Amino acid sequence: MKIHLFFFILLFWVTILPARKKYPQYGSLDLRRECRKGNGRCKLECQENEIRIAYCMRPATHCCLQK
């Protein structure tokens, strides 16, 4: 079992970490900031006069825009 863990960590180290250094823009999007930039608000539930467009940080909160 330890050998499997070793190979998993080795595989992670060889593939994921170099990709993160080469392409830092992927996976670092701040959805809360993007929602505010689009004049939206992060809420648990959108009202009837609002449109839900995306999630903010957690899947439970929504980015709500005015219609």
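**Close-up 1. Cys42 and Cys56 form a disulfide in this predicted model.** The two sulfur atoms lie 2.2 Å apart. That distance falls within the 2.5 Å cut-off, so the pair counts as a disulfide. The link bridges distant parts of the chain, with Cys42 in strand S1 (residues 41–43) and Cys56 in strand S2 (residues 50–56). The partners are 14 residues apart. The torsion about the S-S bond is -75°, and the link of Cys42 and Cys56 is left-handed. Cys42 is partly exposed, at 32% relative accessibility. Cys56 is buried, at 1% relative accessibility.

**Close-up 2. A disulfide joins Cys35 to Cys63.** The S to S distance is 1.9 Å. This pair, too, links distant parts of the chain: Cys35 sits in helix H2 (residues 31–37), and Cys63 sits in strand S3 (residues 58–66). Cys35 has 4% relative accessibility; because buried means under 20%, Cys35 counts as buried. Cys63 is buried as well, at 2% relative accessibility.

**Close-up 3. Cys46 and Cys64 form a disulfide.** Their sulfur atoms are 1.9 Å apart. Cys46 lies in the loop between S1 and S2, whereas Cys64 belongs to strand S3. The pair links distant parts of the chain, 18 residues apart. The torsion about the S-S bond of Cys46 and Cys64 is about -85°, so the disulfide is left-handed. Cys46 is partly exposed, with a relative accessible area of 24%. Cys64 is buried, with a relative accessible area of 3%.

**Close-up 4. The disulfides of the chain, shown together, come to three.** Their pattern is 1-5, 2-4, 3-6, with bonded cysteines counted along the chain. A disulfide is a covalent bond between the sulfur atoms of two cysteines. The Cys42–Cys56 link runs from strand S1 to strand S2. The Cys46–Cys64 link runs from the loop between S1 and S2 to strand S3. The Cys42–Cys56 link is left-handed, and the Cys46–Cys64 disulfide is left-handed.

Terms used:
Residues numbered from 1 in each chain as written. Predicted model: local features only at pLDDT ≥ 70, side-chain atom pairs only at ≥ 80, totals over all residues. Heavy atoms only, no water. Helix = DSSP H or I, 4+ residues; strand = E, 2+ residues; numbered from the N terminus. Buried < 20%, exposed > 50% of the residue type's maximum accessible area, 1.4 Å probe, protein only.
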